[in-house]
Amino acid sequence: MMQALESFNWMRIPYALLTVFIVFNFGFLMNATIQKIAARVGRRHGIPVWQNYVDLIKNYALRTSITHGVMFYLGPVFRLSGGIGLLLFVPIIYGSDMFSNFSFTGDLILALYFVFFGTLGMALGAAESGHPYSAIGITRGLSQMTAAELPFALAVYSVALQYQTLSITDIVAAQQGGVLHWTVFTNPLAVAAAMLSFLGSMMRPPFDVVLAPQEIPIGPPTEYHSSFLAMMQTNRALFPVAKMAVYTSLFFGGAASWPVFFLKVFLLYMWSAFVGVVFPRFRVEQSIRWFLIWAVPLGIISILLV
Amino acid sequence: MKEELLKRVVKTPDGQEIEVEPLLDYYCQEGPTVQPPAYTAIIEKLFNWARSESLWILGFGTGCGAIEMRPLMTPRFDAYRYGIQWRPTPRQSNLFVISGYLSVKTLKRVIRSYEQMQGPKYVVGLGSCTINGGMYWDSYNTIKRLDDYLPVDVYIAGCMPRPEALLAGFEELKKIIRAGKAEGANKYAENFEWYKANQKSVIHDWDMPDYNW
């Protein structure tokens, strides 16, 4: 224990905070850009790029807030720790001592766990608010999330089998040496399954029935307001980027510097945005069926082939 | 008062008899309190700017004027450019647009929704009906002056005002918020008795707590 403490490089902590800061700002600006792009498709101008920051300040600045109990408090905390945890335990920049943060040899399994962690915390918190819309939202959210995570998990196992390792850093290392070494070319079926699952987890159409304001009003966060909501907004900036960092590392050769990272993450996000503006919304049972029919078999085949 | 809200004795599945008083048991009876701007002037100024640039409207159309809000979401007027967005739940909204005439039945729902919003919160009266009853001035079933029931920040006159007028009204509201004068929630808390008396004088089937948290 003492030895571990002595050998721990304390400079990692400020760098980890710096990572969170960079990703937070990048996530906020990128979310707004994507919203603007989606608005332009609808021939609107859309929100200003700084709008999300203003909303965040506004929500922290509200003078009143009410609670429904302990889990109601902890819901957004769990959600945010899911996002930050995922971000800090995967290597963001490959080969960089500073921005590998707290990644270790088995981090792939931990990443899989963190992807689901926030949703579970949210479910507990929103359930305590006692609002029927929250309950329905959670039921829909968890069923759709489970169906969407299945192909992703299969793809991750396929990739882990392919490279015989559970360390994200090792998987990135195995993909170096040219674009054709990326998993997307060496194991295309796994990547296809994961990319279909990706659509389901980004909360954009056609899979946004859970959070859509026009459906049961806004789903699980119906009762969340002021600083509770602000924490969840913060997570909406961090979590997608962290998740896309995992995708970049596993399937697209990782990123060796911040600009490459930003570009790859943005292009990944654009994939869900493109699909989102073209296709209308699925109902929950439709989306589950869609994942089971189109994405899960791809994942199974990819494991069999490996 | 509805029957299910009356005090009564119920039998639990294991045979116990317990007394239930829904209004007291299920709702908080506390009234609203005045919330002072607790920060130094410069921070309060920043907050007021943020509040003015991020107006979240409760998506609740109370009368025919709601039809004028739809074009604001679509390409022609696109209010999102000005930091105006619609939220589906009162918990997350700050701005209540009373769109047109308000029947007594709707007033009850409006009060419940308004009280569930988190402060500071703003009310915009849209159309002449909210000012003096408008074309419903002699109706038996609509309220005439919105100001008697809720603290209104801005009125937008007209029957109906066009979406441009709404945008102008929102810009006016932003100026009021930035000047720190949009304290409707505090005004409501200060004059709570007066507002409740007015509300109860028109709503005869009052079957909810005095303040809906």
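I started with A:P220, which counts as buried because 30 C-beta neighbours lie inside 10 Å (buried is 20 or more other C-beta atoms within 10 Å, exposed 12 or fewer, partly exposed in between, with C-beta atoms placed from the backbone). This is a predicted model, in which local features need pLDDT of at least 70 and side-chain atom pairs 80 or more, while totals for chains, interfaces and linings use all residues. Residues are numbered from 1 along each chain as its sequence is written, and chains are lettered from A and ligands numbered from 1 in the order written.

I placed A:P220 in the loop between α9 (188-201) and α10 (226-251) of chain A (helices are DSSP runs of H or I, at least four residues, numbered from the N terminus). Leaving aside neighbours within four places in sequence, I found A:P220 in contact with A:M122, A:A126, A:S134, A:G137, A:I138 and A:G141 (contact means C-beta atoms, placed from the backbone, within 7 Å). A:S129 is 91 residues from A:P220 in sequence, and 9.4 Å away C-alpha to C-alpha.

Next I took α2 (residues 12-41) and α4 (residues 70-89) of chain A, which pack at about 120° with axes 10 Å apart (axes are lines fitted to C-alpha atoms over the stretch in contact; angles run from 0 to 180 degrees between N-to-C directions). I therefore noted α2(A) and α4(A) as oblique (under 35 degrees is roughly parallel, over 145 roughly antiparallel, 65 to 115 roughly perpendicular, the rest oblique). A:A16, A:T19, A:V20 and A:V23 of α2(A) meet A:I84, A:L87 and A:L88 of α4(A).

Last, I checked the chain contact: 19 residues come from chain B and 27 from chain A.

How values were computed
Helix = DSSP H or I, 4+ residues; strand = E, 2+ residues; numbered from the N terminus. Contact = placed C-beta atoms within 7 Å.
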